Amino acid sequence: MPRHAVLVAFAALLAAGCGTVEVPARTAPASARPALPAGVQDPAPVPTTPAATPGCDPADPETSLRPTGPLPAPGRMPAGSAMDRIVRRGVLVAGVDQNLRLFGSIVDGELVGYDIDYVRAIARALFGDPGRVRFRAVTSANRIELLTSGEIDLIADSMSITCERLAQVDFSTNYFTSGQRVMVRADSRWTGIDDLGGRKVCAPAGTTSLRYIAERRPAPVPVSVVDWTDCLVLLQQGYVEAISTTDTILLGLRQQDPTTRIVGDRFTTEPHGIAVRKTDPDLLRFVNALLERMRADGSWERIYRTWLRELDRTVPAPPPARYGR
Amino acid sequence: MALLLLRSRRTPDVLALLAAGLVLLGVLTGLAAAVALADRSERLAEVSGRGGPLTLAAVDLYQALSDADATSTSAFLSGGSEPRALAERYRTDVARAAAALSVAARSGAGGESGAAVAAVQETLPVYTGLVETARVYNRQGLPVGAAYLRAASSLNRERLLPAAQELYRVESARLAATQRDAGATPWTALGLGAALLGGLAGTQVWVARRTHRVLNPGLLTASLLAAGALGWLLVGTLASAGDTDAGRRDGTAQIELLAQARIAALQARGDEALTLVGRGGSDAYEVDFAALAGQLPGMLERAGAATDQPATRREVRAAQVALGDWLTLHGEVRAADDAGRYAEAVSIAVGTGSAQAGALDASLGTAIGQAADRFARSAAEARRALSGAGAGVPVLLGLAAAAALAGLWPRLQEYR
């Protein structure tokens, strides 16, 4: 009998009984990456500069439709007009940003802001009741589509008038002028957009601000997000060096964080309009007539002072209406 | 050599050879049985002591993190001061996640599991920090609070949940492998045992022919002892394997299906709330909701089909009903929100919608608890089925060898 074979068999049986010993792997300490909001694009794809639109001067795009006479009495709109359609429906559907402090945001449970005041004024002119409004939340990226598809009647969302947008929608006359500046952390050394070449600068996707950032020389690195407040999160986390957009929007962001400041001069001049479908010229003339009245009766000044007084030492004169057609 | 001896046909030589062979075979069978049973009991101890708890901890971690996401976003809908019950639930979720993590860390999870545990350990404090920042801003009514909440949620979904899922994947696969090994048939011991029984029978026949005595009491005792030992080994391991199998089928396999459905439901709930919190910010969450809502009925169907336990089937049916109601209410929430009736949308979502989503979650939670109980019970029964066998079977086989020797010894002496 081969004895060693038996020993080998014993050894094999014994070995089978022992489990394998596992040594816990040592993991290197992870670097603390900043937490990013969903939808951050770094670097952001920048929309190419649009081809020139015939009949529109990119440096001076603001011309709108002249009102035809005084405003009709509330509730008595010309038959068949877009206003009549809205009055019959019983409610104005307005696309607004609801996270944009000073223009449209929730304060004490109420949606308030510069744009909201204008929408309410339009509702009052239509119905005699500023409450007949359904506010539909929109973003920079989806607002034009919602308007052209007919889901909303108009957009009041701090929207700059540009030739590119004029190809898709119509704008009212200028209801405030603003310009792009830069917001940085108060302890940073940046004094304006020209310091920020090669640095990350934030703006939401679909905004003109994003393109103006990318077009500056020396060129900053544009970072895009979904919502304006996402930019503030990125700035607070130190992921971006600056947020750049119109100072009217920056003011609302700055109010949410006193450790930031707005620096540098305006490097753009942007007229803003309320957007209306191209197929509703009567509504556009109606809004322009209302704006005309608001400029004259002090409403424009009152609304500007309520929301944007921190921006200027004195409330500027209302931008004049300019009609080209 | 053995053949030479047999061919020599000299009775005392053959007798000596048979005695030595039977003793050796008895001892070998005893050793093989001892080794197989020790190995099995070690694996069963691993199933109930480490693999099981670790897999359940991974499921619990995943669920707690998903629930934290759904709860913190739902709490936001109620405006500045969040409902106390939701704040409480979020705190409990974080505590449960931390407890599950410490179980995972204590179990000395190495390799892939260790990396996943480390990732959650590193990210969880960052996540809770973001949620608290969001809350503080929300209390001041500042819109940046919602942005922090979205950042927290995407951190949870992009880093925490995948790590928890990875931990679960690795540990449940390892548990399944251990469960399979613990149920394997001990072929070596059974084969040797069959040879032993055959040897004993052959020896009896040979001895009866040579000595003209029909029965050899020693060999007979040895045969009975060996047969008893092998019966014990066979019945014990089969019963234990059956229990282990039941623990997998009615326990861990069902936990997997149920937990998948529960986590998908929680994520959909978070999506619904985030769409509302975002106030038109993005439809990405609604797209995600629609994808999950499309998968959920199938997930529940599979979970229900995989079990024959009436109690669990009842819970799955209740979950299916709640899911249907919730999806209908979600349609109403979206219709109201899309029409600009935000307050109404929120009131449906935090009211009846939340109640149905909560009922869905509670049913699945109960079903998971039932499956976990079944797993624990089966694991204990699998160990009980083998209790005593580890010592008893080898001792019986040792005694069988001794009895065989005792039976042949007087016959050998006759030739001295």
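Q: If you number the bonded cysteines of chain A in sequence order, what is the pairing?
A: The pairing is 1-2, 3-4. A disulfide here is a pair of cysteine sulfur atoms within 2.5 Å. This is a predicted model, where local features need pLDDT of at least 70, side-chain atom pairs count only at pLDDT 80 or more, and totals for chains, interfaces and linings use all residues. Residues are numbered from 1 along each chain as its sequence is written, chains are lettered from A and ligands numbered from 1 in the order in which they are written, and side-chain values use heavy atoms, with hydrogens and water left out.

Q: How many disulfides over all chains?
A: Two.

Q: OK, A:Cys56 and A:Cys163. How far apart are their sulfur atoms?
A: They are 2.0 Å apart, and the two residues form a disulfide. The torsion about the S-S bond of A:Cys56 and A:Cys163 is about -85 degrees, so this disulfide is left-handed.

Q: Which parts does that pair tie together?
A: A:Cys56 sits in the loop between helix H1 (3–17) and helix H2 (82–89) of chain A, while A:Cys163 belongs to helix H5 (residues 163–166) of chain A, so the linked parts are 107 residues apart in sequence. Helices (H or I, at least four residues) and strands (E, at least two) are DSSP runs, numbered from the N terminus.

Q: Is A:Cys56 buried or exposed?
A: Buried, at 15% relative accessibility. Buried means under 20% relative accessible area, exposed over 50%, and partly exposed in between (1.4 Å probe, protein chains only). A:Cys163 is buried too, with a relative accessible area of 9%.

Q: And what does A:Cys202 join to?
A: A disulfide joins A:Cys202 to A:Cys231, with an S to S distance of 2.1 Å. The link of A:Cys202 and A:Cys231 is left-handed, with -80 degrees about the S-S bond.

Q: Where do A:Cys202 and A:Cys231 lie?
A: A:Cys202 is in strand S10 (residues 200–204) of chain A and A:Cys231 in helix H7 (residues 228–236) of chain A, so the pair ties together parts 29 residues apart in sequence. A:Cys202 counts as buried at 0% relative accessibility, and A:Cys231 counts as buried at 0%.

Q: New topic. At what angle do helix H3 and helix H9 of chain A pack?
A: Helix H3 (residues 114–127) and helix H9 (residues 281–296) of chain A pack at about 110 degrees, with their axes 11 Å apart.

Q: Which residues make the contact?
A: Among them are A:Tyr118 and A:Ile122 of H3(A), and A:Phe286 and A:Leu290 of H9(A). Contact means heavy atoms within 4.5 Å.

Note on methods: Axes fitted to C-alpha atoms, helices over the stretch in contact; angles between N-to-C directions.
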